[in-house]
Amino acid sequence: MLIVANWKAYVEDLDKAKKLFAVSKKLTRTTRVSIVLAPPAPLLSLFAIGNKSKVAFAAQDISKTAGGAQTGEVTAGACEAAGAAYVIVGHSERRALGDSNAVIVEKLSRAYAQGLVPILCVGESERDGGGRYLAVIREQLMHILKSLTPKERAKLIVAYEPLWAIGHAAAQAIDANDLTEMTLYIRKVLAEFSGKNARSIVLYGGSVEPTNIRALAAGSNVDGFLVGHASVDPVVFKALVQALH
Ligand code: PGA
């Protein structure tokens, strides 16, 4: 199982970041869970450069530009140089700030060009009774998948993050049956492009906490989780990873 800890902008001081990194290193030694930490950009290199532990690192986002005269942009190249192996692309909090599907496609191509593995977030904003949410996910995926080469598709990690489930307590997360349905559906759409034998990594994110992670993992066919608020407290994060283990 893979846990991607999306620190968002919750972690702003070095002490806290150090504690979270220390706990994560220990957990990769004592459990079979793989951990990827996604710190805010300025903190990334402090931990990721020269990192010899089993913990890997992700950027939370990258610029769609290739660099140059682009004040304030954090490019894929800079993230790669800072030690990131992964990058989260298309998170709903970035989509809300203007990342359209077209922008996401540009960001993905920057990520691939630098050898970063993209974690593409998809998710519907609401659950309707008529199954429209399935069409929303299909549309988001199709738009991206059709622009990728087969090699790129094979590397893509998909994180299913329904917007209505993000940032709440465990009770508001998706239930295990609905997650199973959605994981199957996402795999079906991926298979339409990549063939039945290709198996992409599919993660779930949205109010994953120590109390619900085990139930969400059991039988849902997900390969892991993208975790926000429960990944930024060392005690809670340790409990979360151990619950999965
Ligand atoms: P959450 O965030 O775990 O706080 O719901 C998940 C995410 O947005 O990646």
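Which side chain of opposite charge is nearest to Glu209, and how many Å away is it? The nearest is Lys8, 11 Å away. The model is predicted, with local features needing pLDDT of at least 70 and side-chain atom pairs pLDDT 80 or more, while totals for chains, interfaces and linings use all residues. Residues are numbered from 1 along each chain as its sequence is written, and side-chain values use heavy atoms, without hydrogens and water.

**View 1. Surroundings of Glu209.** Glu209 lies in the loop between β7 (201-205) and α9 (213-217); helices (H or I, at least four residues) and strands (E, at least two) are DSSP runs numbered from the N terminus. Glu209 is buried but has no salt bridge. Buried means under 20% relative accessible area (1.4 Å probe, protein chains only), and a salt bridge is a side-chain nitrogen of Lys or Arg within 4 Å of a carboxyl oxygen of Asp or Glu. Beyond its neighbours within four places in sequence, Glu209 is in contact (heavy atoms within 4.5 Å) with residues including His168, His229 and Leu240.

View 2. In the side chain of His229, an N or O atom is 2.6 Å from a ligand oxygen. The protein covers 100% of the 280 Å² of accessible area (Shrake-Rupley method, 1.4 Å probe) that the ligand has on its own.

**View 3. Helix α10 (residues 234-244).** Its buried residues include Phe237, Leu240 and Val241. Among the elements covering the buried residues of α10 are β1 (2-6), α1 (14-30) and β8 (224-227). At the start of α10, a side-chain oxygen of Asp233 comes within 2.9 Å of the backbone nitrogen of Val235.

How values were computed
Buried < 20%, exposed > 50% of the residue type's maximum accessible area, 1.4 Å probe, protein only. Lys, Arg positive; Asp, Glu negative; His and termini not counted. Polar contact = N/O pair within 3.5 Å; in protein donor to acceptor, adjacent residues only side chain to side chain.
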